[in-house]
Amino acid sequence: MIEVTGLVKRYGAVAAVDGLTFTVQPGRVTGFLGPNGAGKSTTLRLILGLDRATAGRALIAGLPLRELARPITRVGVLLDASAVHAGRSARSHLRAIAAAGGIGDRRVDACLELAGLSAVAGRRIRGFSLGMRQRLGIAAALLGDPDVLLFDEPVNGLDAEGVQWARTLMRDLAAQGRTVFVSSHLMAEMQNTADHLVVIGRGRLLADVPIGELIATGLLELRVPEPDTGTVVGLLAEAGGDVAADQSGLVVRGLDADQAGELLRAAGVRVTHLAQRRSSLEEAYLALTGESVDYRAPRAREEARS
Ligand SMILES: Nc1ncnc2c1ncn2[C@@H]1O[C@H](COP(=O)(O)OP(=O)(O)OP(=O)(O)O)[C@@H](O)[C@H]1O
């Protein structure tokens with residue numbers, strides 16, 4: 001289990017992490033999501049004791065990481081797959097890490113096999129693709145057979161088969177009762193992999209929910225004659241709806257079909273299409289993080305303002 005309590009990290013005037021509290025439970029895959037600059041990497045670094053928190057604490061199995069005996073056997077980490085000695089072979093890279101943690105060569109070979117790297121184990125890492133480096137980083141994280149795994153963007157650079165492999169691996173690790181905490185920008189991938197989500201924006205917690213709960217929130221698709229659009233947006237917003245436009249019409253969150261239909265009928269608006277559907281994780285995520293995105297294209301910012 002990972003417990004983060006009141007965690008704060010300031011860099012000068014910037015609060016990269018601003019009072020975060022959440023728990024990552026064993027036995028499930030927990031996705032860690034947030035827009036660029038939200039504070040995900042900083043949070044992971046604080047959990048791993050690579051940075052000192054301004055306030056609060058992050059514990060693994062009840063202790064700060066530096067107080068764990070033989071941490072390699074307790075926590076496996078994939079942070080930056082490119083941070084390796086490129087002149088070494090995959091096998092000697094893993095053997096060096098294993099030796100430092102008192103782990104034997106047989107486990108190295110088992111992890112190479114698990115990561116699908118046995119055939120290239122003797123090759124220098126310099127010649128590895130990004131995907132092969134990711135696999136090697138995951139193999140390194142598994143060396144100590146740890147109960148807690150932290151993966152920062154693990155499918156970055158993996159091809160379709162690699163993505164499938166990583167997904168199955170994460171789900172298997174969770175099914176074995178381990179704590180799996182994985183950051184990603186790929187919403188569709190998280191939708192297929194995670195059971196639970198921790199979402200942050202500007203260093204603060206936005207959601208800590210089972211994934212099904214986030215995407216169960218319904219959306220309304222609505223089409224009305226073009227000249228009525230402004231009136232309709234105003235009416236729905238006044239009734240508490242969150243209205244956005246896409247190519248095919250309006251998308252409304254926070255109102256059900258009966259409410260919206262009744263409201264528009266009473267206002268004499270002719271509705272040409274009204275349908276309720278589940279939101280994708282991506283839509284739910286964008287609705288959640290919309291206010292807390294630091295970097296976005298100027299056009300999107302203008303649209304969000306209007
Ligand atoms: N060493 C540092 N010095 C100063 N500011 C920093 C430092 N590290 C991070 N920050 C700032 O803290 C904020 C959070 O950064 P962080 O890298 O944790 O976000 P992130 O969610 O991992 O982003 P991304 O998805 O882009 O990797 C950003 O505003 C960043 O500029």
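## Reading a buried helix and its surroundings

Mentor: In this predicted model, eleven of the 13 residues of α4 are buried, so the helix is largely enclosed by the rest of the structure.

Trainee: Which residues of α4 are the buried ones, and which elements do they pack against?

Mentor: The buried residues are Met132, Arg133, Gln134, Arg135, Leu136, Gly137, Ile138, Ala139, Ala140, Ala141 and Leu142, and they pack against the strands β5 (75–78) and β6 (148–152) as well as the helices α2 (90–100), α3 (105–114) and α5 (160–175). As for the geometry of α4, its 13 residues reach 19 Å from the first C-alpha to the last, close to the 18 Å expected at 1.5 Å a residue.

Trainee: Taking Ala139 as an example, which residues is it in contact with, leaving aside its neighbours within four places in sequence?

Mentor: With those neighbours left aside, Ala139 is in contact with Leu94, Cys111, Leu112, Leu114, Ala115 and Leu117. For the protein as a whole, among contacts between residues at least 6 apart in sequence, 70% join residues at least 24 apart.

Trainee: What does the domain assignment give, and how many Å separate the centres?

Mentor: The assignment gives domain 1 (2–209) and domain 2 (218–278), and the centres of domain 1 and domain 2, taken over C-alpha atoms, are separated by 42 Å. The C-alpha atoms of the protein fill a box of roughly 75 × 45 × 35 Å along the principal axes, while the secondary structure comes to eleven helices and 13 strands. Of the 306 residues, 36% count as buried.

Trainee: Turning to the ligand, which residues surround it, and which element provides the largest share of the shell?

Mentor: The ligand is surrounded by Tyr11, Val14, Ala16, Gly34, Asn36, Gly37, Ala38, Gly39, Lys40, Ser41 and Thr42. The elements that give two or more residues to this shell are β2 (14–24) and α1 (40–47), and the largest share, three residues, comes from α1. By class, the shell has four nonpolar, six polar and one charged residues.

Note on methods:
Residues numbered from 1 in each chain as written. Predicted model: local features only at pLDDT ≥ 70, side-chain atom pairs only at ≥ 80, totals over all residues. Near = placed C-beta within 6 Å. Helix = DSSP H or I, 4+ residues; strand = E, 2+ residues; numbered from the N terminus. Nonpolar A, V, L, I, M, F, W, Y, C, P; charged D, E, K, R; others polar. Buried ≥ 20, exposed ≤ 12 C-beta atoms within 10 Å, placed from the backbone. Contact = placed C-beta atoms within 7 Å. Domains from an automatic or database assignment. Expected span 1.5 Å × (residues − 1).
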